[in-house]
Amino acid sequence: MIDDSSPLDPADWAGFRAQGHRMLDDMLDYLEGIERRPVWQPIPDAARAAFREPLPRRPSSLAAAHDRFMQDVLPYATGNVHPGFMGWVHGAGTPVGMLAEMLAAGLNANLGGRDHMPIEVERQILHWMRELFSFPESASGLFVTGTSMANLMAVLIARTTALGYEVRRQGLAAGGRQLAAYTSEAAHGCVRQAVDLAGLGGGALRRIATDGRQRMDLEALSAAIARDRHDGFTPFLLVGTGGTVDAGAIDDLAGLAEVARRERLWFHVDAAYGALALMAPDLAPLFRGIEQADSIAFDFHKWGQVPYDAGYLLVRDGERHRASFAAPAAYLRRETRGLAAGSPWPCDFGPDLSRGFRALKAWFTLKVHGTAALGAAMSRSCALARYLEQKVAATPTLELLAPAQLNIVCFRYRAAEADAVNAAIVADLHESGIAAPSTTTVAGKLAIRAALVNHRTRQRHIDALLEAVLRFGAARAKA
Ligand SMILES: Cc1ncc(COP(=O)(O)O)c(C=O)c1O
């Protein structure tokens, strides 16, 4: 007789439910009290070592595993939910998004395909994104891990458009042409990686010089295209940036759209964190021209505050998008009735067949908060960046390294050996738990880079950052 119970469902549902409520309460307590914690703290060697253990062959209780999480994992997380987190470009998430993740995990839906309501939720997000970006009804969209993946997919669609669908059977040899793509020097490194992974070689990407505000120089762009045509290359793709990672610069997207039209290039916009600023009426005009893109890559998990991960690719010509990825297989046969209906499926629009329910946390975030509140949080980040910029400019021991654009400020403490001193200041800030900016290099100088993405950050957190930079800077400069 085969055992009749599931070995993985709780034997005691009442006890499990009580434990589940404790776990939920712990996370709500964590979020409610986040400001009382350090932004980040180093993992003690003992905690790191204690976590290493052999593959568990025997069960342990959920309560025991939860205790380990509370003790060894939760205190040593990245810290991007904390208002003092200002590094890289990390969203903070929201309590609403957290609950949505729990519901999605409960359904355990696979959004690769088939006919079920979770896919309709993802389609609803597509409707909303078409509306936000003024894209046509024929536009397609897909949740992916992040903008790195969305950019790669956009490059693949552009490549297939340039070389013809035959390239999917014969490979790059089918085209018999050397393709060239264009982006600015300030573009994110994943754009080059995408061109490389698309089989074109990273060298096929021309990095065009930028102006004083880190925006792509349109004359240099046109000259590079002309030079490539003269040398026998086939220009095929132009990648604009809507919010550069270093400085928050936004390319002249309308100008780029014009060049792309004239030169018959696929116009892709990497607006990883900036795109959703279209929800903020004061920021939306900065992105004028994005509505003319052939494709847009962006992340809900950055300024959109949806929990990781929730990248998105929006493509104007949905049929071209589908034809660049669809790969029929007998076991994915479509029907007109039953669960196998509902074609085309999301798996026809990208490389993933198994796909989680990312759409639900985006749907909850948009539905519960609305675009006005999300946009207001973005506007406030930019106001805080201007406040930080003014404070830096008014402090003689600090140097502003680039004008604040959007929500990013790059500055540093003035000192001999300034690169080493500022790198040390940033590490001091992290270890103090006061604030977590990151570093970058601006015009050859190491900068403290504050990217204000977190909806919880307030003026007092900027003040705390500055006070600590001055204190650590004075100590480091003396040492
Ligand atoms: C402009 C830009 N593009 C691409 C990326 C990569 O996005 P993701 O980390 O979601 O892959 C980033 C990340 O910060 C970015 O700022």
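Colleague: Before we start, how are residues numbered, and what pLDDT do local features need?

Modeller: Residues are numbered from 1 along each chain as its sequence is written, and side-chain values use heavy atoms, with hydrogens and water left out. The model is predicted, so local features need pLDDT of at least 70 and side-chain atom pairs count only at pLDDT 80 or more, while totals for chains, interfaces and linings use all residues.

Colleague: Okay, helices. At what angle do α1 and α4 cross?

Modeller: Helix α1 (residues 13–32) and α4 cross at roughly 160°, and their axes come within 11 Å. Helices here are DSSP runs of H or I, at least four residues, and strands are runs of E, at least two, numbered from the N terminus. The axes are lines fitted to C-alpha atoms, for helices over the stretch in contact, with angles from 0 to 180 degrees between N-to-C directions.

Colleague: Are they roughly parallel or roughly antiparallel?

Modeller: α1 and α4 are roughly antiparallel to each other. The cut-offs are under 35 degrees for roughly parallel, over 145 for roughly antiparallel, 65 to 115 for roughly perpendicular, and oblique for the rest.

Colleague: Which residues make that contact?

Modeller: From α1 there are L24, M27, L28 and L31, and from α4 there are P95, M98 and L99. Contact means heavy atoms within 4.5 Å. By class, the contact of α1 with α4 has seven nonpolar, no polar and no charged residues. Nonpolar covers Ala, Val, Leu, Ile, Met, Phe, Trp, Tyr, Cys and Pro; charged covers Asp, Glu, Lys and Arg; the others, Gly among them, are polar.

Colleague: And how do α4 and α12 cross?

Modeller: The axes of α4 (residues 95–107) and α12 (residues 358–393) come within 8 Å and cross at roughly 140°. That makes α4 oblique to α12. On the α4 side the contact is made by V96, G97, A100, E101, L103 and A104, and on the α12 side by L360, K361, F364, T365, V368 and H369. The contact of α4 with α12 has seven nonpolar, three polar and two charged residues.

Colleague: Switching topic: where does N454 lie, and is N454 buried or exposed?

Modeller: N454 lies in the loop between β12 (445–451) and α14 (459–478). Its relative accessibility is 4%, so N454 counts as buried. Buried means under 20% relative accessible area, exposed means over 50%, and partly exposed is in between, using a 1.4 Å probe and protein chains only.

Colleague: What does N454 touch?

Modeller: Not counting residues up to four places away in sequence, N454 touches N80, V81, H82, P83, F85, A92 and Q305. A polar atom of the N454 side chain lies 2.8 Å from the backbone oxygen of H82.

Colleague: How many residues of α10 are buried?

Modeller: Eight of the eleven residues of α10 (residues 253–263) are buried, including L253, L256 and V259. Among what covers the buried residues of α10 are α9 (218–230), β5 (234–241) and β6 (266–270). Just after α10, R264 takes a positive phi of about 55°.

Colleague: What caps α11?

Modeller: D317 caps the N-terminal end of α11, with a side-chain oxygen 3.2 Å from the backbone nitrogen of E319. In α11 (residues 318–325), the buried residues are G318, H321, A323, S324 and F325.

Colleague: Last one: what is V409 in contact with?

Modeller: V409 lies in strand β10 (residues 408–413) and is buried, with a relative accessible area of 0%. Leaving aside neighbours within four places in sequence, V409 is in contact with A385, L388, E389, L400, A404, I448, R449 and A450.

Definitions and conventions. Polar contact = N/O pair within 3.5 Å; in protein donor to acceptor, adjacent residues only side chain to side chain.
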